[in-house]
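Open the model in your viewer and show the whole chain as a cartoon.

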Amino acid sequence: MQTLDQYNFAGKRAVVRVDFNVPLDKSFAITDDTRIRAATPTIKKILADGGSVVLLSHLGRPKGGPEDKFSLKHIVARLSQEYGTEVQFATDALQAQAQADALQPGQILLVENVRFYAEEEKGEAGFAEKLAPLGNVYVNDAFGAAHRKHASTAVMASHFAPADRVAGYLLQSELDNAQKVLEHAERPFTAIMGGAKISDKIQLIEKLLDKVDNLLIGGGMAYTFAKAQGGQIGSSLLEADKMDLALRLIEQAKAKGVNLVLPTDSLIADKFANDAQIKEAANSEIPEGWMGLDLGPESSKAFAEVVRNSKTILWNGPMGVFEMPSFAKGTQAVAQAIAEATEAGAFSLIGGGDSAAAVNQMGFSDKVSYISTGGGALLEYMEGKELPGVAALEGR
């Protein structure tokens, strides 16, 4: 796979697939610009070489055509500020050719949301063929969408010579950091899995059982384990059809010598709200009408202790409903422990999505080794699946 540093963009017009799927508030202000900043080194390298840039991205999940709330016009001003030059805007992906052709070295054109065309997500070859002439070199820096075989993330690469398909800095660093954890982990290696469902993480958990020393399981998925072991979990989150699977994972961990750590206590609430009545309970003794929404103090302490003594840490999924301050303590404790371990020399990789949001929100973003921008893409890569966006750069 060709990397950015191997390519000279002088006199070239690079069509760059980025992931600018950033959250916007009701007045269309960007609430988290992490993904924009993550692609900046790639854009600046192309411009510094003497090239011009055509940016392709999606935003949100528009249904059946253009919607103002998903228009990339809302981020033009922020991009101009980021790159220190005026960013031009093309209002239609299939009507952008003339603007692209007119670009001079050092200029940038942002093209409207490619998902305004249904053909993008269908990965239609004809749509990809129409997008390809926007540039004479193709750069993919959209790791967050690399697991999708969409027109702009994978299919259009085939319209460029292999020498003109390039991995951006972000895509490259995402793959390098995932490989570091998967293949070159210093021990003890601890994986922390959270979030709502075992079913979302099962393949990754099974793969990690062959690699890790410690596996910590928190979040909503922990209650399926508690119930499977005969506990009372009240109205906590439960995947009833995954209880056998939970027991199987416990047995697999034992057989492979992995230290599987499950929560022993929870903060429980009488309703799913920040102002609910809250008390502590053993994970296996949650009364009817109450639900576990966060790690209890005992579990937070136990999890943090394991994390602090680790040399490699992978975190994917929060420990509780951290969006509500009343139930953010478990996630906070884990984030704090990861920061302390990292300061002591550990390598920490934060899987995208909610874990990345929690680390950013809690002020630990500069205290961990690497925060992935791709939740689903990172999961699939770590599960051993081929990412279409990466395969396309490698000519597969």
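This is a predicted model: local features need pLDDT of at least 70, side-chain atom pairs count only at pLDDT 80 or more; totals for chains, interfaces and linings use all residues.

**The whole chain**

Colour by secondary structure. The chain holds 14 helices and 18 strands. Its radius of gyration is 23 Å, close to the 21 Å that the globule rule gives for 396 residues, so the chain is as compact as a globular protein of that length. Turn the view along the principal axes, where the C-alpha atoms fill a box of roughly 70 × 45 × 35 Å.

Next, display contacts between residues at least 6 apart in sequence. Of these, 73% join residues at least 24 apart.

**The surface and the charges**

Then select the charged side chains: 39 are positive and 50 are negative. How far apart do the centres of the two sets lie? The distance between these centres is 2 Å.

**The largest nonpolar core**

Hide the surface and go inside. The largest nonpolar core has 68 residues. Which of them touch the most other members? Select Met193, Leu215, Ile217 and Met382 to see them. Now select residues 169–183, which form helix H6. This helix gives the core its largest share, 6 residues.

**Last stop: Met382**

Centre the view on Met382 and show its surroundings. Leaving aside residues up to four places away in sequence, Met382 touches Ala178, Val181 and Leu182, along with Leu204, Lys207, Leu314 and Leu349.

Conventions
Residues are numbered from 1 along each chain as its sequence is written. Side-chain values use heavy atoms; hydrogens and water are left out. A nonpolar core is a set of buried Ala, Val, Leu, Ile, Met, Phe, Trp, Tyr and Cys residues joined through side-chain atoms within 4.5 Å. Buried means under 20% relative accessible area, exposed over 50%, partly exposed in between (1.4 Å probe, protein chains only). Helices (H or I, at least four residues) and strands (E, at least two) are DSSP runs, numbered from the N terminus. Contact means heavy atoms within 4.5 Å. The radius of gyration is taken over C-alpha atoms; the globule rule is 2.2 Å times the number of residues to the power 0.38. Lys and Arg count as positive and Asp and Glu as negative; His and the chain ends are not counted. The place of a charge is taken as NZ of Lys, CZ of Arg, CG of Asp or CD of Glu.
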